[in-house]
Amino acid sequence: RQMIARALEASLCLTAGVTDKECAEDYSEAELNCAMDRDYRGANLKQLFATRAQMAGHSQAAGRFDNDTIRAAMDADQRELQAHSSTFSVSGILANVANKAMQTAYASVPDVLSVICDWGPVSDFKEQKHYQLTVSGEWGEVGPDGEIKHGSLRESEFSNAAKTRGMMLALTRQHIRNDDLRAFLRIPQGIARKSANAKQRIGFGVLIKMVADGHFSVENGNLATGAGSALGIDGLQGAVNKFKVLKDESKELIAGRPAILLTGTALCVTAEELYKQTNIDVRINASKKTILQNNHAGKYQPHDSPFLDTEFNGSDTGYWLCADKRDIPVLDGVALDGRMVPYIQRGDAQFNTLGIQWRAYDDWGIAGGNPRGAVYSSGS
């Protein structure tokens with residue numbers, strides 16, 4: 001029974017688009033060979049339910065599949081679940097397949113946020129205090145008396161907490177009777193995209209709010225405004241100049257190095273040109289243009305996100321020039337036990353639902369980090 005259950009699960013994973021390499025990490029060679037056997041290759045929902053029902057002693061005419069087959073499989077699952085002795089669980093197999101399909105789909109969503117967000121694990125849902133130490137004082141010459149001058153440490157505090165987000169999903173009798181595995185797999189794939197996009201939307205929302213709340217300001221030296229700040233050779237040079245003289249909270253020079261050029265979608269082409277082109281055409285008027293040397297080529301890796309657009313309270317002209325997150329993270333992210341991909345867990349369906357129900361959830365939080373890790377240019 002265990003071999004058949006594992007073979008069916010592996011076959012369903014392969015049908016779901018999980019690669020041979022990924023399957024080889026979770027299933028033995030014997031299980032994969034069985035999954036590729038003629039009897040199990042290309043397994044579907046009906047085969048899974050019918051096999052489970054037959055193992056539970058349910059008899060049916062050859063080729064017949066009906067509500068009794070579905071209920072027999074589910075009743076067998078429930079009995080073994082209560083007895084804590086399940087070796088073949090339909091809901092467990094489908095939850096495993098859904099988790100693997102979800103991980104594959106999650107990895108396919110562009111994760112621009114993590115370019116500037118430093119993620120760390122937490123063990124509970126309490127508010128976490130994160131501290132960044134700034135060293136003050138001069139690196140001075142040691143005098144004849146051999147005394148080394150004392151420096152000091154200044155502490156910057158950031159608060160963050162993991163929060164649970166999730167939704168329910170169900171495999172209905174209609175899905176099973178239609179043998180619609182593809183429809184079922186779209187559910188975990190859709191959940192993966194919703195989870196990944198939620199992190200992008202909420203995280204960049206925090207960054208946008210940092211601008212609105214004045215964390216990027218003239219006083220902090222990390223704000224450029226006016227027409228001269230528009231993204232281009234000169235505007236980007238102005239941001240670079242500001243970045244190079246950024247000071248910490250002790251008013252001492254940070255002397256960091258910019259690495260990331262972050263924009264909304266309206267500026268993505270311009271950002272790409274500034275990164276790739278050594279010479280850029282600049283139009284002076286309708287009939288005249290000139291070619292300018294671009295000294296920024298290859299220096300500041302461009303990244304763009306639609307969650308920085310005006311639709312999400314962002315800007316079509318604004319952009320950030322950021323440090324590497326390993327140096328100065330602009331955003332701070334936490335994930336419970338360090339897990340980024342959502343969980344899918346099986347549960348009991350409602351009495352009036354002939355099907356199987358799951359819940360999907362994840363636990364994470366995003367907060368502002370150190371705004372002195374970037375310069376924001378309004379571009380207008």
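Reader: Why is Cys322 called buried?

Author: In this predicted model, the relative accessibility of Cys322 is 1%. Buried means under 20%, so Cys322 counts as buried.

Reader: What makes Cys268 partly exposed?

Author: Its relative accessibility is 23%.

Reader: How many disulfides does a search of the whole structure find?

Author: The search finds zero. A disulfide would require a pair of cysteine sulfur atoms within 2.5 Å.

Reader: What makes S6 largely enclosed by the rest of the structure?

Author: Strand S6 spans residues 258-263, and five of its six residues are buried, so the strand is largely enclosed.

Reader: Why are S5 and S9 said to stand at the edges?

Author: The open sheet has five strands in the order S5-S14-S10-S6-S9, with mixed pairing. S5 (223-224) and S9 each have a single partner strand, so one side of each is left without a neighbour in the sheet.

Reader: Which helix lies across S5, S6, S10 and S14?

Author: Helix H9 (residues 233-244) lies across these strands, and runs at about 40 degrees to S10.

Reader: Is Asn313 buried or exposed, and what is its phi?

Author: Asn313 is exposed, because its relative accessible area is 66% and the cut-off is over 50%. Asn313 has a positive phi of about 70 degrees, although it is not a glycine, and lies in the loop between S9 and S10.

Reader: What joins S7 to S8?

Author: A hairpin joins them through two residues. Six bridges link S7 (residues 279-285) to S8 (residues 288-293), which run antiparallel. Arg283 has Lys289 in S8 as its bridge partner.

Reader: Why is Gln200 called buried?

Author: Gln200 has a relative accessible area of 4%. Since buried means under 20%, Gln200 is buried. This residue is found in helix H8.

Reader: What makes the approach of the Gln200 side chain to Asp111 a polar contact?

Author: The two side chains make a polar contact at 2.8 Å, and the limit for the pair of N or O atoms is within 3.5 Å. Beyond four places in sequence, Gln200 touches Pro110, Asp111, Val112, Leu113 and Phe307.

Reader: Which residues have the most contacts inside the largest nonpolar core?

Author: They are Phe49, Leu94 and Trp358, in a core of 50 residues. Among the elements that give two or more residues to this core are helix H4 (45-55), helix H6 (90-107) and strand S13 (355-368). H6 gives the most, with 10 residues.

Reader: With which residues is Leu94 in contact, leaving aside its neighbours within four places in sequence?

Author: Leu94 is in contact with Leu12, Leu45, Leu48, Phe49, Leu171, Phe184, Ile356 and Trp358. A second, separate core has 27 residues, including Val206 and Met210.

Reader: Which residues of H4 are buried?

Author: Leu45, Leu48, Phe49, Ala50, Thr51, Arg52 and Ala53 are buried. At the start of H4, a side-chain oxygen of Asn44 reaches to within 3.3 Å of the backbone nitrogen of Lys46. Just after H4, Gly57 takes a positive phi of about 95 degrees.

Methods. Residues numbered from 1 in each chain as written. Predicted model: local features only at pLDDT ≥ 70, side-chain atom pairs only at ≥ 80, totals over all residues. Heavy atoms only, no water. Core = buried A, V, L, I, M, F, W, Y, C linked by side-chain atoms within 4.5 Å. Buried < 20%, exposed > 50% of the residue type's maximum accessible area, 1.4 Å probe, protein only. Helix = DSSP H or I, 4+ residues; strand = E, 2+ residues; numbered from the N terminus. Contact = heavy atoms within 4.5 Å. Polar contact = N/O pair within 3.5 Å; in protein donor to acceptor, adjacent residues only side chain to side chain. Pairing = 2+ DSSP bridges. Axes fitted to C-alpha atoms, helices over the stretch in contact; angles between N-to-C directions.
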